[in-house]
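Good morning, and thank you for the time on today's agenda. Please look at the model as I speak.

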Amino acid sequence: MDVDAVVLDIDGVLVDVADSYRRAIVESVDRVYGQTVDDAAVQQFKNAGGFNNDWELTYAAALFVLARDAGYDADVTAFTDDIATRGGGLDAAETVVRDAGYDAVFDRWDTDRLRDVFQALYLGSDLYRELEGGDPPVETQGYIHDEPVLADRETIADLTDRFAVGVLTGRPAAEATIALSRVELSVPDAHRFTMDDWAEGKPHPRALVTLADRLDADRVAFAGDTLDDVRTAVNAAEADDRTFHGIGVLTGGLSGESGRRAFEDAGAAAVVDSVNDLPALLE
């Protein structure tokens, strides 16, 4: 694959977030409402699209739990499929619940509380006080410390030696900085987009197209672990006259042959087992 720039997602690509962000989604809903969804359901929300922001995925999972408690009889597969048919994301989840006739659940839907608990679980008490201000709603060590590095040092060195490198992530900026430091990847602020830098989120192409401008690149590979990452590259190629390759990475929620097929169906130019396979793929 002939490229002159590489853009990397963080979660599921550079670090493993199965026991951090994804665990925080499941446990936040449980702590606030006493019931929750499982890990497989989290991936179904991701596959529905529009949930690059894990806070919003948490809110949508809570809506499902509240609707079920109120009598909604569809399972999580039907719920997320319905979200996907409506374009994905939190707005679509709200519409599914309202159209099913469960408006009353919104009286119990406390997104501020969910976010606070999520941040306390993920960051831990000390980082919560530093980054969020104030005291956390629960005292924890923080799941952020349970993120194994997926990218070998040799991989980071190879990519940064041969290509202009950018980062496109749904993390808040401060949390992105922590993860990038852990994997020893240094990129200028102008060469990264975080949750704090744009409103649209993936799979909107604006951030990726802007990074191509800033990296002075004509051929860009974007490696991510979700279908929305691949869709971002597909949308960028449609919106811009440069070349954008979406590369699916099988170290996030999608894995094995089923994950490979899902990435290919979404328009992936290539699928790799891990980010450490990128150097061999890219010319």
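**Helix packing, spaces and backbone**

Helices H4 and H5 cross in a right-handed manner. Please bear in mind throughout that this is a predicted model. H4 covers residues 76–85 and H5 covers residues 90–99; their axes come within 8 Å and cross at roughly 120°. On the H4 side the contact is made by Phe79, Asp82 and Ile83, and on the H5 side by Ala92, Ala93, Val96 and Val97. By class, six residues of this contact are nonpolar, none is polar and one is charged.

The axes of H1 and H6 come within 9 Å, with a crossing of roughly 130°. The two helices are therefore oblique to each other, and the crossing of H1 and H6 is right-handed. H1 contributes Tyr21, Ala24, Ile25, Glu27, Ser28, Val29, Arg31, Val32 and Tyr33 to the contact, while H6 contributes Arg113, Leu114, Val117, Phe118, Leu121 and Tyr122. The contact of H1 with H6 has eleven nonpolar residues, one polar residue and three charged residues.

H6, residues 111–131, also packs with H3, residues 54–69, at an angle of about 125° and with the axes 10 Å apart. H3 and H6 are therefore oblique to each other, and their crossing is right-handed. From H3 the contact takes in Asp54, Trp55, Thr58, Tyr59 and Ala62, and from H6 it takes in Thr111, Leu114, Arg115, Phe118 and Gln119. Five of the residues in the contact of H3 with H6 are nonpolar, three are polar and two are charged.

How many cavities of 30 Å³ or more does a search of the whole structure find? The search finds one. The largest cavity has a volume of about 240 Å³. Its lining consists of 24 residues, and those nearest its centre are Asp11, Lys46, Asn52, Asp54 and Gly170. The elements giving two or more residues to this lining are H1 (21–33), H3, H6 and H10 (227–239). By class, the lining of the largest cavity has seven nonpolar, six polar and eleven charged residues.

The open space comes next. The largest pocket holds about 230 Å³. Around the largest pocket are Gly50, Asn52, Asn53, Glu56, Gly170, Met195, Trp198, Ala199, Glu200, Gly201, Lys202 and Pro203. Four residues of the pocket lining are nonpolar, five are polar and three are charged. Asn52 and Gly170 are in the pocket lining, and both are also among the residues nearest the centre of the largest cavity.

Finally, I draw your attention to two details of the backbone. Most residues other than glycine have a negative phi, and most peptide bonds are trans. Which peptide bond here is cis, with omega near 10°? The cis bond runs from Lys202 to Pro203, and both of these residues line the largest pocket. Pro203 is placed in the loop between strand E3 (192–193) and helix H9 (206–214). The second detail is Glu184, whose phi is positive, near 60°, although this residue is not glycine. Glu184 is found in the loop between helix H8 (173–183) and E3.

That concludes my presentation, and I thank you for your attention.

Notes
Residues are numbered from 1 along each chain as its sequence is written. This is a predicted model: local features need pLDDT of at least 70, side-chain atom pairs count only at pLDDT 80 or more; totals for chains, interfaces and linings use all residues. Side-chain values use heavy atoms; hydrogens and water are left out. Axes are lines fitted to C-alpha atoms, for helices over the stretch in contact, and angles run from 0 to 180 degrees between N-to-C directions. Helices (H or I, at least four residues) and strands (E, at least two) are DSSP runs, numbered from the N terminus. Angles under 35 degrees count as roughly parallel, over 145 as roughly antiparallel, 65 to 115 as roughly perpendicular and the rest as oblique. A crossing is left-handed if the near helix is turned anticlockwise from the far one by less than a right angle, and right-handed if clockwise. Contact means heavy atoms within 4.5 Å. Ala, Val, Leu, Ile, Met, Phe, Trp, Tyr, Cys and Pro count as nonpolar, Asp, Glu, Lys and Arg as charged, and the others, Gly among them, as polar. On a 1 Å grid over the protein atoms alone, a cavity is a set of points where a 1.4 Å probe fits but cannot get out, and a pocket is an open set with protein on both sides within 12 Å along at least five of seven lines; lining residues have an atom within 4 Å of a point. Grid points are joined across faces, edges and corners, and a volume is the space filled by probe spheres set on the points.
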